[in-house]
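Here is a briefing on one protein model. Look at the structure first, then read the points below.

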Amino acid sequence: MLNVMSPSLVVECGGEAIQTAPIRDLHENPNFPINVFLMRVHLPMEEDLTPPIELKVVDNREFGYKPVVGQASVRSLRQYICEPSAEGHHPSLPPPGTGQPVSPTHHPPHPAQLPGPLGNTVFLPLLEEECVDWWSKLYAATGDLAKSGDYLQTGLDSLKVYNCELEAVPEFQGLQDFCQTFRLYRGRVREEASEDPLVVGEFKGLFQIYPLPEDPSSPPPPRQFQELPESQPQKCLVRVYIVRAFNLPPKDRNGLCDPYVRVTLGKKKLGDRDQYLPNTLEPVFGRMFELPCTLPLEKDLQISLFDYDLVLPDQKIGATSIDLENRLLSRFRASCGLPQSYCISGPCHWRDQLLPTQLLENFARMRNLALPEFSADGSKATFMGRAFLLTQFGECPESPGETSQTLSLGAGGPWTGHGVPGQDAGFPGPPLGRDQYELRCIIWNTRDVDLQDTSITGQRMSDIYVKGWLDGLEEQRQRTDVHYRSLGGEGNFNWRFIFPFEFLPMEQVCVLPEKQYLWSLDETVLKVPPKLILQVWDNDKFSADDFLGVLELKLLSMPCPARRPRDCTLKMLHDESDSPTPLHCPRRTSLFKQRLSRGWWPCLVQEEGRQRLSGKIEMTLEMLTDKEAEERPAGKGREEPNMNPTLQPPVRPEASFLWFMAPLKSLRYILWQPHKCKIILGVVLLLLLLLLAAFIYATPVRAPAGRAPAKSPGEHCGRGGRNQATLVAGKASANPSSPG
């Protein structure tokens with residue numbers, strides 16, 4: 001089949017027919033040179049008996065050959081019947097020559113340089129950190145209050161998010177209020193054809209059916225379609241914001257997929273396959289694509305999702321198509337939604353090419369209405385016979401030019417039909433940039449920590465140290481040195497923890513990339529709320545360490561610390577609405593906003609299903625960006641660079657040391673100091689007992705009467721002969737008569 005080069009349209013209804021002039025070059029300008037036709041048709045009064053409208057597209061080829069290349073049938077005409085007194089159908093396009101031309105190199109205005117109320121440029125100072133942004137506005141609209149922050153409390157404009165495409169919203173009439181799309185078929189349609197291959201093209205147009213007066217002398221009713229935009233192709237700039245996707249089908253063996261975006265408009269394609277998001281079924285892209293186009297030559301915008309594979313080709317996940325021409329021509333302003341208020345900065349800043357005053361004037365010209373009038377001070381506007389006061393639309397702007405813009409937006413709201421849905425989608429900017437943060441935690445002291453050990457003298461004590469990490473980043477676990485022999489639960493450390501992490505401000509979560517398996521090519525991104533976990537332990541050398549308490553701080557909703565240890569209780573960790581809150585310090589705060597916090601926080605343990613206070617920690621928490629961390633370096637613990645702030649070694653009691661490293665010193669502090677008096681008294685008593693024993697032992701003993709004192713053995717040996725002789729002589733003298 002030859003390509004269609006010069007088509008014309010034949011409209012048949014009720015035995016009447018009209019034919020349009022042929023399109024000379026379909027590839028340069030597919031619009032008909034004449035747009036409006038009037039056909040008189042005799043139709044029955046009963047709507048069910050009205051004949052259909054037959055549409056036939058004829059290709060005007062050489063030698064007078066005019067084959068029918070496509071046809072369609074409109075069977076129901078009820079939707080096109082209108083009253084003759086009704087106003088003509090007018091598009092919402094500005095007249096030619098108004099507005100500012102858009103070039104392909106034009107970029108969205110920076111928040112600090114936005115169009116001013118009177119066509120000038122208003123420069124605003126940029127805040128270092130905005131409490132709310134476009135993502136806060138989006139999450140507030142979707143009901144995710146945990147990620148929206150304080151957006152609802154700011155009173156800014158809300159956002160309407162639909163769970164379907166705008167063409168499927170009933171009140172928007174499929175965005176075909178200006179012109180409808182009719183599919184053209186060739187031949188008979190086969191019901192078994194799944195993809196409908198007989199569709200050969202599309203025809204865009206609209207019908208209006210109204211009765212004519214029976215009296216020929218009566219004036220005819222006003223014709224419809226009085227003012228139409230030019231039939232020449234229009235150059236446009238298309239910005240596509242890909243926010244996120246839901247419920248994607250898995251494409252990999254692990255039950256996930258690696259999606260990336262590809263945007264196609266005409267012959268232009270954008271989207272890099274290397275910018276895929278690994279291992280996810282609900283990706284958050286947050287990307288913006290900008291493409292120049294010419295309507296209606298390049299009217300179909302196709303957005304596709306592909307699954308990244310190491311070896312081509314990539315699998316197609318799904319695609320959707322958007323008719324840009326319908327969105328541009330629709331009176332519901334589906335091209336660029338209008339915000340509810342006129343702002344020159346922030347997440348609700350004005351994005352349209354024309355200011356509210358220009359839009360209202362264009363609307364009045366297209367409807368042949370009187371132009372709006374503004375008072376000299378800009379506090380009052382008159383339009384369509386009604387007066388609008390500035391006080392009716394909230395707070396009064398400071399600039400006189402802003403007052404006229406606010407009045408124009410409020411006065412034109414009921415009629416301009418900016419109903420998609422009159423909200424501003426906003427400019428997300430670079431949303432998916434993972435911000436690099438560094439959390440610095442300085443452990444100063446502990447108080448009232450549970451005492452788990454008992455010394456040889458019966459004293460209760462603990463060898464205290466603190467261990468900490470961020471939830472999900474257990475491999476970055478850090479611990480302080482040990483405060484030995486704490487007898488009252490006090491610990492002194494002056495120790496710094498440093499935890500670098502990636503943070504998504506739009507989702508208020510930490511990003512934890514990790515590989516599920518050793519053979520995994522890509523890392524799986526886990527998202528967890530930022531939470532600091534600190535644990536207090538008792539150090540043991542010959543057994544497992546004893547757990548003393550834990551403190552878990554949600555950095556996005558952190559309890560206000562106590563200034564003094566006696567004010568540090570478990571009530572700080574409970575979000576009780578009836579508890580009194582100090583005026584100078586909120587009950588809950590975000591460390592990402594406060595940036596620096598110091599004080600006392602309670603530690604707790606679970607006993608029999610109840611929480612019990614087991615200690616108190618004094619520390620400083622500081623949140624820094626990666627640039628701030630480079631400008632203010634610091635080392636872990638007390639290592640170099642020991643600055644910001646400089647941490648000195650803690651001043652601990654002399655008894656704080658490991659006992660087997662200094663045995664003599666251990667005897668001094670373990671035995672001598674606590675039992676000095678007892679030891680001295682015991683030594684004195686021992687000496688007295690020894691002296692008494694020696695005295696008793698040295699005392700002489702007297703022999704009994706009539707008995708010779710005992711002689712020592714040596715004495716017997718030295719004088720043995722003499723004694724023997726004496727005894728013999730005695731015997732002889734005592735008994736002289738005995739024989740010799």
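Is E523 buried, exposed or partly exposed? E523 is partly exposed, at a relative accessible area of 37%. Buried means under 20% relative accessible area, exposed means over 50%, and partly exposed lies in between (1.4 Å probe, protein chains only).

This is a predicted model: local features need pLDDT of at least 70, side-chain atom pairs count only at pLDDT 80 or more, and totals for chains, interfaces and linings use all residues. Residues are numbered from 1 along each chain as its sequence is written, and side-chain values use heavy atoms, with hydrogens and water left out.

**Overall make-up**

- The protein has 12 helices and 31 strands. Both are DSSP runs numbered from the N terminus: helices are H or I with at least four residues, strands are E with at least two.
- Of its 740 residues, 40% count as buried.
- The accessible surface comes to about 43,900 Å², and 55% of that belongs to carbon and sulfur atoms. Areas come from the Shrake-Rupley method with a 1.4 Å probe; for residues, only the protein chains shown count as cover.
- Take contacts between residues at least 6 apart in sequence: 63% of them join residues at least 24 apart. Contact means heavy atoms within 4.5 Å.

**Surface patches**

- E474, E475, E514 and E523 form a negative surface patch. E523 sits in the loop between β24 (509-514) and β25 (524-528).
- A nonpolar surface patch is formed by I680, L681, V684, L685, L688 and L691, with about 570 Å² of accessible area together.
- L681 belongs to helix α10 (residues 676-698). L681 is exposed, with a relative accessible area of 53%.
- Patch residues have over 30% relative accessible area and no salt bridge; like charges are joined within 9 Å, nonpolar side chains (Val, Leu, Ile, Met, Phe, Trp, Tyr) within 5 Å.
- Lys and Arg count as positive, Asp and Glu as negative; His and the chain ends are not counted. A charge is placed at NZ of Lys, CZ of Arg, CG of Asp or CD of Glu.

**Buried sites**

- Helix α1 (residues 134-142) is mostly covered, with 7 of its 9 residues buried. Among them are W134, W135 and L138.
- The buried residues of α1 pack against α2 (145-148), α3 (151-154), β9 (234-244) and β12 (284-295).
- Just after α1, G143 takes a positive phi of about 90°.
- S8 lies in strand β1 (residues 7-13). S8 is buried, with a relative accessible area of 1%.
- S8 and K56 are 48 residues apart in sequence, yet 8.3 Å apart in space, C-alpha to C-alpha.

**Salt bridges**

- The structure holds 26 salt bridges. Each is a side-chain nitrogen of Lys or Arg within 4 Å of a carboxyl oxygen of Asp or Glu.
- R239 forms a salt bridge with E290, and the closest N and O atoms are 2.8 Å apart. R239 lies in strand β9 and E290 in strand β12, so the pair ties together parts 51 residues apart in sequence.
- R638 and D481 meet through their side chains in a salt bridge (3.2 Å, N to O). This pair links distant parts of the chain, 157 residues apart. R638 is partly exposed at 25% relative accessible area, whereas D481 is buried at 19%.
- R564 and D567 also meet in a salt bridge (3.1 Å, N to O).
- A network of salt bridges links E202, K204, K299, D300, D323 and E325.
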